[in-house]
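Student: Could we go through this structure together? I want to know what stands behind each label.

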Amino acid sequence: MLKFTQEHEWVRVEGDVATVGITQHAQEQLGDLVFVELPDAGKPFEKGAPAAVVESVKAASDVYAPISGQVIEANQAIVADPTLVNSDPLGAGWFFKLKMANPSEVDELMDEAAYKEFIG
Amino acid sequence: MVTTSPAPTAPALKRTPLHALHLEMDARMGPFAGYDMPIQYPLGVLKEHLHTRAAAGLFDVSHMGQVALRPRSGEIANVARALERLVPVDVLGLAPARQRYAFFTNVDGGMIDDLMIGHCGDHLVLVVNASRKDVDERHLSDALSDVCTVDVLDERALVALQGPAAESVLARIAPATASLRFMEMRSVPIASVKCLVSRSGYTGEDGFEISVPARDAEKLARILLEDKAVAFVGLGARDSLRMEAGLCLYGSDIDESTTPVEAALEWVMQTVRRRGGARAGNFPGADVVLQQLERGARRRRVGLKSRQRAPVRAGALLYADRSATESIGNVTSGGFGPSVAGPVAMGYVPSAFSAPNSLLFAEVRGNRLPVEVTTLPFVPHRYKRA
């Protein structure tokens, strides 16, 4: 199940684990990424809290935790090669996995059709 | 994550003569100094930057002010001498068809703007920053109207062609430009359009700035873009290119509160305007600036490089050590340098910390990152001097 936020993150839910990344639209808007900073495993986040940072040549942007939970894994591959986020944002360019604190928060997120309408 | 977009209620932005072409080229536009300017094209900032260093980038810099100073007496030396009242550089000694970098100083020795001065035979042409056009025009009119007319050349566009392929690209359509050397200028017809071409720019690369009548600007740009070596490059890459070249952005690295010596721009001031020179002083703030030239300034603009990959951007505070509670300076420009393949930054620090290799700490998102003071530029200039 793939869900989306208004801040252009995507969430893929499997059991009580949510994998988080940024959308195709987001990577297009940001342009070539040159730096990614990810949270350490074990770190807890409230829904909406800044959890990661992406930087292009021009600017730095926050990536927010789309739902509350504790980080169980971060994708070090995108730290080593931030362009993975540009080339495969929904696949190899994932950011981190959260053990969800409150799985019902997923219901508040947009499905793909709603997100497509949201970005116009 | 949040992507930036211009405020919907922003005041009406001005447009350059190339605005329609930028839209046709699918540029992402954004406000800059009151103009709706191309930030990047579909190629993207990173590749536009690298393309400029590898081949040639075409920049629309028509937002910048072009100002003609024409002597009322018909004698250009009178204008040159009068302009020296406002700038601490040798204008009288500027040879015909030559250009020189300068700045207007205020009474405290701060900088009202930085600019280029070009000698066009019977008049001078200045190129000033877009954000300072109005301030500069008033400043010039107030100080020089007795000696010359001050005309902002709104009917002219300005494009820059920058990079190692710039010479061969331009020579194909305007052979006379190939013999120009750095900071020389010449009136040259390009495709039957009378252009004023100077061998200069703000990327650290060899290249040209071409002043062209507004109505012919799009035609000229299209001719240049026909060459496979040329890519349109937006303000995003213009900024990263000038940062790697160690060049100042007015309003960020220099302003009314920074003196030329603090900004490490004393090389701009020729000896004839320094103490002991034939026309020493006699510009606003001369007492401050000339004293700093001899005794040094309390703070200096320096380059900062980081061993870590996180870009250190404008506004980041600088500390003498990891735990210091008071900052000693701040970053004025910084980001990722695509040609350096790492962070590049510059900022102001107390002179005691300005020696190359001094270790400082920049605060980025609450972390103190080690940064090292370094000489500028980060990427060697490749001007065609000989």
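Tutor: Start with the domains. The domain assignment of chain B gives domain 1 (19-62 + 155-244) and domain 2 (298-378). Their C-alpha centres lie 31 Å apart. Keep in mind that this is a predicted model.

Student: What makes residues of domain 1 of chain B count as in contact with domain 2 of chain B?

Tutor: Two residues are in contact if their C-beta atoms lie within 7 Å. By that test, 8 residues of domain 1 of chain B are in contact with 9 residues of domain 2 of chain B. Helix 2 (45-54) and helix 7 (235-244) of chain B each supply at least two residues to the domain 1 side.

Student: How many residues of chain B are in contact with chain A?

Tutor: The contact involves 19 residues of chain B and 24 residues of chain A. On the chain B side, helix 2, helix 7 and strand 16 (329-337) each give two or more residues. Helix 2 of chain B gives the most, with 3 residues. That side divides into 8 nonpolar, 8 polar and 3 charged residues.

Student: What confidence does the predictor give?

Tutor: The complex gets an ipTM of 0.91 and a pTM of 0.95. Chain B averages a pLDDT of 96. In chain B, 97% of the residues score at least 70.

Student: Why are strand 10 and strand 13 of chain B said to stand at the edges?

Tutor: Look at the sheet order in chain B: 10-11-12-9-3-13. This is an open sheet of 6 strands with mixed pairing. Strand 10 (185-190) and strand 13 (230-232) of chain B each have a single partner strand, so one side of each has no neighbour in the sheet. The twist averages 30° from one strand to the next.

Student: How do you know that strand 10 and strand 11 of chain B pair?

Tutor: Pairing takes at least two bridges. Strand 10 and strand 11 (residues 193-198) of chain B have 6, in the antiparallel sense. So they pass the test. For one position, R186(B) stands opposite V197(B) in strand 11.

Student: What packs on this sheet?

Tutor: Helix 2 of chain B does, touching strand 3 (56-60), strand 9 (156-162) and strand 13 of chain B. The direction of helix 2 makes about 120° with that of strand 3 of chain B.

Student: Why is strand 6 of chain B called mostly covered?

Tutor: A residue is buried if 20 or more other C-beta atoms lie within 10 Å of its own. In strand 6 (residues 111-119) of chain B, 9 of its 9 residues are buried.

Student: Which strands pair with strand 6 of chain B?

Tutor: Strand 5 (residues 99-105) of chain B joins strand 6 by 7 bridges, running antiparallel. Here Q99(B) stands opposite G118(B). The two form a hairpin with 5 residues between them, and G109(B) in the turn has a positive phi of about 85°. Strand 7 (residues 124-128) of chain B also pairs with strand 6, antiparallel, over 5 bridges. There L115(B) has V128(B) as its bridge partner. That hairpin has 4 residues between the strands, and G121(B) takes a positive phi near 90°.

Student: Where are the edges of the sheet in chain A?

Tutor: In chain A, 6 strands form an open antiparallel sheet in the order 1-2-3-9-8-5. The edge strands are strand 1 (2-4) and strand 5 (44-45) of chain A, each pairing on one side only.

Definitions and conventions
Residues numbered from 1 in each chain as written. Chains lettered and ligands numbered in written order. Predicted model: local features only at pLDDT ≥ 70, side-chain atom pairs only at ≥ 80, totals over all residues. Domains from an automatic or database assignment. Nonpolar A, V, L, I, M, F, W, Y, C, P; charged D, E, K, R; others polar. pLDDT = per-residue confidence, 0-100. Axes fitted to C-alpha atoms, helices over the stretch in contact; angles between N-to-C directions. Buried ≥ 20, exposed ≤ 12 C-beta atoms within 10 Å, placed from the backbone.
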